Every structure is written in C-alpha cells, then in structure tokens.
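Subject: Structure for you, with notes

Hello,

Here is the structure you will be working with. My notes on it follow below.

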Amino acid sequence: MEQVSVFIQQHIELIYVVILSVFLGIEVISRVPSVLHTPLMSGANAIHGVVIIGAIIVMGKAEPGNYLALILGFLAVILGTINVVGGFVVTDRMLEMFKNKKDKK
Amino acid sequence: MSSILSVIYLIGSVTFILGLKMLSKPDTARKGNLVAASGMTLAILGTIFLYKPEGQSLHNYGWIFAGLLIGTVIGVMAAKKVKMTAMPEMVSMFNGMGGACAALISIVEFNHLQGNNTSAMAAAMQHVQQAGQMLEQLGQGQFSEQRELLQSLFQVDYRGTLLIIVLGLIIGSVSFAGSVIAWGKLNGSVKDFSFSGQHIVNLVVLGLIVILAAVLLIDVNNTLPLWSHGKTAATGFNLVFYGLLLLSLLYGVLFVLPIGGADMPVVISLLNSFTGVAAACGGFLYDNPVMLTGGILVGSAGTILTILMCKAMNRSLKNVLIGSFGGSKAGPAGGTKDQGSYKEISLSDAAVVLAYANKVMVVPGYGLAVAQAQHVCHELEKLLEEKGVEVKYAIHPVAGRMPGHMNVLLAEADVPYEKLLEMEEANAELPTTDAVLVLGANDVVNPAAKNDATSPIYGMPILEVENAKVVIVNKRSMKPGYAGIENDLFFQPKTSMLFGDAKQMLQQLVAEIKQV
C-alpha cells in the first residue's frame, strides 16, 4: 500500500491530466449527430496514432547492436505511421463528400 | 525535455481537443480533422528532432525516416484506394495497427527494463545516490532503515514502469487481435463462431491474464519457486511476459469472434478506445504529455461514442458484448412458425408501381453498399423525380455496417442532403408513402423488433415500412440478414420480393421505368 501512495505522489500531475482528459473527452463528444459517428470514430482512430511518438522514441534510443529493439521498433514505426496517416486521410475522404454536398445546396 | 518541445507538445494536445470538438459538428468536421493532423505532424517532427532523453539526441534517423516513409506510403495508398463500402474494415485495420504499435513498444521496453536500461532505472540510481549521501550524514546506526527505504523507492519505480508496460502490452494486443478479427468479419473472411461455454472460456482467459500480470508485478525479485524450475529466474520472468502477450492476443480473438456482424461498429469503436488507453500507457512510460492526453481523450471519447452507438440501436453495451446474437440464435429457430409464402414481383410490374406512385421511400442497407449501387440508385431517383414522383431516403442509424455508413455512401453519389431522412422523420412520413423500395436492408425493417419479445433484436427501433401502401424488397436471396433471423415483413401480403444484385436490379429497373 505504501508503495502505491508513493507511486501516486510521484505521478500526481500525470494523474490529474488523465482524470481531466477523461471528462474532457466525454464533454467534447456527448452531442454529436449520428451522421458523424463514422467520421468521428475514424478521426479519433487517427488521433490515438499518437502512439507513433513512443515508437520513434524506442527506435531512436535503440543501441546499434540491439537487433530486437531495432526490428520491433522499426515495425512499430511503420504500423504507427499507417495508423496516423491512413486514419487522417480516410477521415478526410469521408468528410470531403459531406462538403461537396453542402456546396451544391 | 527542451522548452520548445514542451510547447510543441502543448500545441499538439490542444489541436487534438479542438480537432475532436470540430469533428463532432458537420460544418467544421473536415477542418477539425486537418487541425488534428497538423498538430500530430508537429508533435512527430518535434519528437524526432528535439527529444533528448538524458541529454542525448535520438539516433537511428535512417531507420526512423525509412519507417515513416514506408508507413506513409502504405497508409495513403490504403486510405485512397479503399472503396467507400469497405470503410469500416479499413478503420478497424488502422486501429489494429495502432494497437500492435503499442504492444511492440511494450515488448521493447520490457527488454530494456530487464537490461537495466530504462529511465526508471536511471531514476532509481538517483535515489541510490541520494540515499548514499543521507547515509553518510547519518552514520552507520540507521543504515538498515535507510536501505529499506531505498529498496522500496527502487521497487516503486520498477513496479510502476512494469505495470505500465504490462498494461500497454495487454490492451494493445487485445486491440490488435480484436481489430483483425473485426476486419475479417466485416469483409466476410471470418465467420461468426461461437460454442457453448464460450463466455466461461473468455472469463478464464481474462482471469489468467490478470493472475499472470499480478505475478509479474508482485514478484519483481523473481523469488517464487516457479522460476527455479530448471531454468534461470530471468527466463521464467520472460516466459510469463510472453505468455501474457499470447493470452492477450487469444483474448482479443475470443472477445470479438462470437459478436454478431451487425454489432461490429460498436466493437470497433470499443477497440478504438482500447487503443487510446494503450497509447496513453506510452505517455506514462515516457512522461510524454501529448501521448497521454491524446490517448486518454480517444479512450474516453471512444467509450462515449460506443455508448451512443448502442443507444442508436436501443441496446446496452453489456447486451452487445455478452448477449451476442450468436448465443441467442437458437431462440427464433426453435420457434419456427409457419410464415406462409412470399411473392415475387416482376421487373416491369415494379417499374410501374414506382413510376405511378406519388411518394417513394428508398430504404438502403448493406446490400446497396456491397453491390456499389449508390450511383444507380441516385439515377433511379432522378428519373422518378422527372416523372413527378417524390423520392426520399429513409436512413436507419445503423443501416449498413456503421452508423452514418449510408449517409457517406449516398453523399458519394451526390444525393442531396435534404433527401436523407433520419429514422423519426421517415417513420412520420411512411404512412403517407405509396411505395417503399428496400434495397438490401433487412434487420432495420424487421417488425419482429417491435412485435416479438423473444426476438434477439426486440427493442431495436426500426423503420416501420409496413405502414406504407406497398413494399418492394430487393435482396439477393431469402437468406436472413446479419442478425440471422427471419423477417416477417417479407411474408406480408403488401410486400413483394425482387431478387437479385442491387446494382443489376436497379439498372434494369431504370431501363424499365424509361419505357413506362
């Protein structure tokens, strides 16, 4: 138990950020028309691609001889990039169609 | 962390919040996506060039840029080439990539941790030095007490890091395996699969995961007799870690397999928020605020979105996850009642019915998406309008395989926005509608959802097409829809069936109507 409280003390700022972000996420999304559910899901999908930053850090810290880290890190960078780039491009493609329709109105 | 990088991360976090906010409004949605994307680009570039752990720049730039380049090419190609109908699969696949990325990071960091090479260790070494200085000041008398303090501080760092690594591993792997299965289910390469006692098996696997994770975290000193079983302690520790990886992958598969295809959007949205949490674990690991906020935002927003989707289907999340369609399939099959016969309608009759109606309501479903029939459908609509028929589309919130799926498809075919009616509006207009044309939709027009309390879809709001004068249903065959249940609508006297591929049927229908 003691260790848990020490851990919490050490990371108290991060824990605040987590809790506030949870509420922020709920607030931001709670009123959204069902038409936008799919693009929104896709957009959120692209945003969690921020995990790519972790992959870059892993890659950048890997020692030249550490093949496990190099190979897995490289794979992680590729997968993360696909998530980010693909996610944003697909979302844009979906939303582009909504926009066309508005112009014609 | 350099101060410029801190500012960049701050900007990144703000763009994510703004982006999500703008994405939830139709007018600003596209801009919101771009805002978030530019924030992401900034954060990535900032990390590459400015991130200096322990004062050293990152290296392996060649590898990093090669990875970014390959990923970008694959990502753009996949996103540009994918058909609008296959959009849900694509999102699921991208989500799986993110989950896999998080799991890989955890694996590498676990090995770092084993090799005494992480920032947590560095922090622990700092404690050692501090404590050493304290010891000198205090003299030998309180040495043992100080050493205990030292050890416990060290263990907090070690356990904390290990906890986050393990969480990232488990959640990332579940999300990856689950997304791949969801992808396979949506494109038809993985069939629904369930066996009796599946929930129990799932619970056992989940329990094993929790127990193994707890063993790893509690026994950080590798003192359990388990390890000394002919192998060195470190090997046993590694085995448990990789066992966790395998179990998590297995759980991801088992978790998604029994869930009915119609519920896939909900599952994808849920897995989406899982990946968000996995990304946030990375944020904890590297003290990285942008990963933390981005991940948690998606985690919580994704959860809310999941619940909203469930609400659109009038079901609870628990019902989707546990009371899966697969499990209740036996219900309607057991209660087979004589449903009578259905009647077919010829193309020319259908053409006449539509051409002489005053108001026609089109109900699109997954069949339309599969057949890529949205353009022909728009053609038919224009043709009928020229003949003075009022044509509207009734969009069920979960028609297709994702909420908004039909809106996206019809928008692609340039169908005007005003013609798309949401469910409530459509239901209000249906009693005054002369003919309803159901294109590859099934469960969303099944009256059993209203009338039959034993039906697995009972309680789901539906489009009440039976209120219209005539209903023409285009389907490929009499096979039941995704929920796997019969549809009474097809056997009602006012309903007639038009079998065939939606696109071909519509093309022939257009030709027939031109001759009317």
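In this complex, 80 residues of chain A are in contact with 97 residues of chain B, where a contact means that the C-beta atoms of two residues, placed from the backbone, lie within 7 Å. This is a predicted model, in which local features need pLDDT of at least 70 and side-chain atom pairs count only at pLDDT 80 or more, while totals for chains, interfaces and linings use all residues. Residues are numbered from 1 along each chain as its sequence is written, and chains are lettered from A and ligands numbered from 1 in the order in which they are written.

The interface

On the side of chain A that touches chain B, the elements giving two or more residues are α1 (2–10), α2 (12–29), α3 (37–47), α4 (52–61) and α5 (67–104) of chain A. The most is given by α5(A), with 32 residues. By type, this side of chain A has 50 nonpolar, 21 polar and nine charged residues.

Which residues of chain A does B:Cys101 touch? Not counting residues up to four places away in sequence, B:Cys101 touches A:Val51, A:Ile52, A:Ala55, A:Ala76, A:Leu79, A:Gly80 and A:Asn83. B:Cys101 is also one of three residues, with B:Val363 and B:Val438, that touch the most other members of the largest nonpolar core, which has 188 residues. Such a core is a set of buried Ala, Val, Leu, Ile, Met, Phe, Trp, Tyr and Cys residues joined through C-beta atoms within 7 Å. Buried means 20 or more other C-beta atoms within 10 Å of the residue's own, exposed means 12 or fewer, and partly exposed is in between, with C-beta atoms placed from the backbone.

Chain A

Chain A is divided into domain 1 (1–31) and domain 2 (33–104), with bounds from an automatic or database domain assignment. The centres of these two domains, taken over C-alpha atoms, are 24 Å apart. An unreviewed UniProt entry places the feature "transmembrane region" at residues 12–30, 42–60 and 67–90 of chain A; UniProt positions are in the numbering used here, feature names are shortened, and annotations may be inferred rather than shown by experiment. In the model, residues 42–60 of chain A are 79% helix and 0% strand, with 29 Å between the end C-alpha atoms. Residues 67–90 of chain A are 100% helix and 0% strand, and their end C-alpha atoms lie 34 Å apart.

Chain B

Chain B has 20 helices and six strands, and 49% of its 516 residues are buried. Its domain assignment gives domain 1 (1–81), domain 2 (87–325) and domain 3 (339–515). Between the centres of domain 1 and domain 3 of chain B there are 43 Å, over C-alpha atoms. Of the contacts in chain B with a separation of 6 or more, 80% join residues 24 or more positions apart.

B:Leu410 lies in helix α17 (residues 405–412) of chain B. B:Leu410 counts as buried because it has 27 C-beta neighbours inside 10 Å. Leaving aside neighbours within four places in sequence, its contacts are B:Pro364, B:Gln374, B:Tyr393, B:Val415 and B:Leu420.

Two backbone angles may be worth a look. B:Asn60, although not a glycine, has a positive phi of about 60°. B:Asn60 sits in the loop between α2 (29–50) and α3 (61–81) of chain B, and is buried, because it has 22 C-beta neighbours inside 10 Å. B:Gln372 also is not a glycine and has a positive phi, near 60°. B:Gln372 is in the loop between α15 (366–371) and α16 (374–386) of chain B, and with 17 other C-beta atoms within 10 Å it is partly exposed.

Confidence

The predictor gives the complex an ipTM of 0.92 and a pTM of 0.77. The pLDDT, the predictor's confidence in each residue from 0 to 100, averages 86 in chain A, where 91% of the residues score at least 70. Chain B averages 83, and 85% of its residues score at least 70. Over residues 324–338 of chain B the pLDDT is below 50, and this stretch has 24 contacts in the model beyond near neighbours in sequence. In chain A, residues 101–105 stay under 50, with four contacts beyond four places in sequence. Where pLDDT is low, the predicted coordinates should not be read in detail.

Regards

Key: Helix = DSSP H or I, 4+ residues; strand = E, 2+ residues; numbered from the N terminus. Nonpolar A, V, L, I, M, F, W, Y, C, P; charged D, E, K, R; others polar.
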